[in-house]
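Have the sequence and structure handy.

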Amino acid sequence: MLADAWIIAAKDLRIEWRSRVAFNQLAPFALVVLVLFAFALDSQQTVLAEATPGLLWITILLALVLCVQRTFVTEGAPGLADQLRLSGLDPAGIFLGKTLGVFVQLVALEILTFVGAAILYSTEFGSVGLMICTAVAASVGLAASGSLYGALLLGVRGRETLLPLLLLPVVAPVLIGATSAFQAALGTGDVTLDQAWRWVGLLTAFAVAYLLAGVFAFGPLLEDT
Amino acid sequence: MDLTTIQLAVQRQTPSYWGYVLTGYGAAAVAIGGYVAHIVRRGRKLSRQVPTDKRRWL
Amino acid sequence: MTSIDTGLAQVRTEVEVPRDAPVGTGSRASRILGVVTLVLTAVGLAYSLIISPPDANQSNAGRLLYIHVPSAIVAYVAFGVTALASVMVLWRKTEVWDLIAGASAEIGIVFTSLCLITGMLWGRPIWGVYWTWDARLTTTALLLVLFVGYVALRRALAGTANRAKWCAIAGIVAAIDVPIVHESTNWWVTLHQGQTVRLLGESEIGGSMLFSLLLMMVAGLCGYVWLLLVRFRVGYLAERVDEYAFDEAIAQRRAEAASQQRTAAHPDTPAHRDTPSDRADTHRIATASTSTEVD
């Protein structure tokens, strides 16, 4: 299972590296969203500074939707899903591989977005360890649930609008958790550090739940009755 | 002042809010009634297109 | 006249249509349940609107809770049924469970929306605002969005072979989310605001108010079961219509092919000999539809 996961993840990341879609399009998209927030909130430094955790994670959620669409667009090509199934790769491994691919792209985007926020919103980063743990836990959960829904909607008409409708409500707890933890890390809001670590616990639980769900659901998903 | 007087005083000063109540009950009637009408009508329309022996699960 | 299609037509016209062949979704069971629900609702309304007194603190706005609380209960029951039915679809792989899941989700949308609307209409006079971000309201709002997404997926997948399986997976994945959402919104709220606002505030509920609430709850649950039954039958009929239209198309095509062969073999025979019996057959089905009782 893990070897198969590695094959899929390597394939996706290699495609990404060669075409640089994430680099050329998703990264600028994330930065544009940050700028739009500044416009929307009237560029008042106090408001932006307080809202930074939330704005950061909303940006990441929006980028997640695009990232998942992109990751599964190659698989949506007719016949490719069948090829995947017949290739003998373990479905759970395919899921983990897809998740790993999305996770890596998300983390890269997050680093970029956080740096962007540091510059645009003049944020000061406090507890970096907390931030890293939060980002990792959140990203695993986002990648897992994203891959699950991305595969679910393969070949469904209207999937461009269905994916956000299905995925974003499901990852709302990740938004709440990551935002609260970041509030503690950045010193905005009134979340204390131990509360923040409880939130990281919740994010981990979410990640585990959706990793398990994906591992079990991918088999039935890919097989044709 | 005893409790009854206070309660009466509160009741006199609190508006009756019947507007909200009737809007709510009306919305419930419309939503549920509308949905019932919709599915019953749809059921009849569909069952006419199916031969009689295939219309029910049990 | 031993060709296949004419033989079939003869058999069909000889079958007697049973007297109580149902049109629509009524049946003895559903009618009894429907009457019970209506009676309970009528008595419940009488109690809610007239017999029970206005609340000491909330005045008549409290009457909205007689709809708000039961519809919340029905909404969560509907959600539970959809989740359970989704698991059963993957386990038993029968069409029945898929139809139950879909029916329950639609009904869930109706009652969740109703719960939120009555909640807002109650909140405005009592709290002064239409909405507040407490854990219960937020979870219910998210429940509505999850339901809507699920039904949207069902519609998008309509007619595809694997719909039941994929919707079941989507249903289970959404169901996993609800406890996580509930927990996280609880923590989130206690961080910022303190406990969830109690619906009844300082008042104690008792007497006719409690009875009204219980009546409406029972009426709501009976109504849910009735709606589930009817909506299930509608879903079942929809599946049969698709199947039947498909079978009809195939039978028709075969009839055409056979009659073409016959015209080729006997060029003088009129090609449409079997048409009168087909007409008699559809006529019999049509009279059956119009003559049976309507629910």
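H7 (159–170) of chain A passes H5 (residues 135–156) of chain C in a left-handed crossing; that word means the near helix is turned anticlockwise from the far one by less than a right angle. This is a predicted model, where local features need pLDDT of at least 70 and side-chain atom pairs count only at pLDDT 80 or more, while totals for chains, interfaces and linings use all residues. Residues are numbered from 1 along each chain as its sequence is written, with chains lettered from A and ligands numbered from 1 in the order in which they are written.

Who meets whom? On the H7(A) side you'll find A:Leu162, A:Leu165, A:Leu166 and A:Pro169, and among their partners in H5(C) are C:Leu142, C:Val145 and C:Gly149. (Contact means C-beta atoms, placed from the backbone, within 7 Å.)

Chain C has its own pair, H2 (residues 28–51) and H7 (residues 207–265). Their angle makes H2(C) roughly antiparallel to H7(C), a label for angles over 145 degrees. This crossing is left-handed too.

| Helix pair | Axes | Angle |
|---|---|---|
| H7(A) and H5(C) | within 9 Å | roughly 145° |
| H2(C) and H7(C) | 8 Å apart | about 150° |

Axes are lines fitted to C-alpha atoms, for helices over the stretch in contact, and angles run from 0 to 180 degrees between N-to-C directions. Helices are DSSP runs (H or I, at least four residues), numbered from the N terminus.

Zooming out, the contact takes 25 residues from chain A and 26 residues from chain C. On the chain A side, H9(A) gives the largest share, 8 residues.

Terms used: Helix = DSSP H or I, 4+ residues; strand = E, 2+ residues; numbered from the N terminus. Parallel < 35°, antiparallel > 145°, perpendicular 65-115°, else oblique. Contact = placed C-beta atoms within 7 Å.
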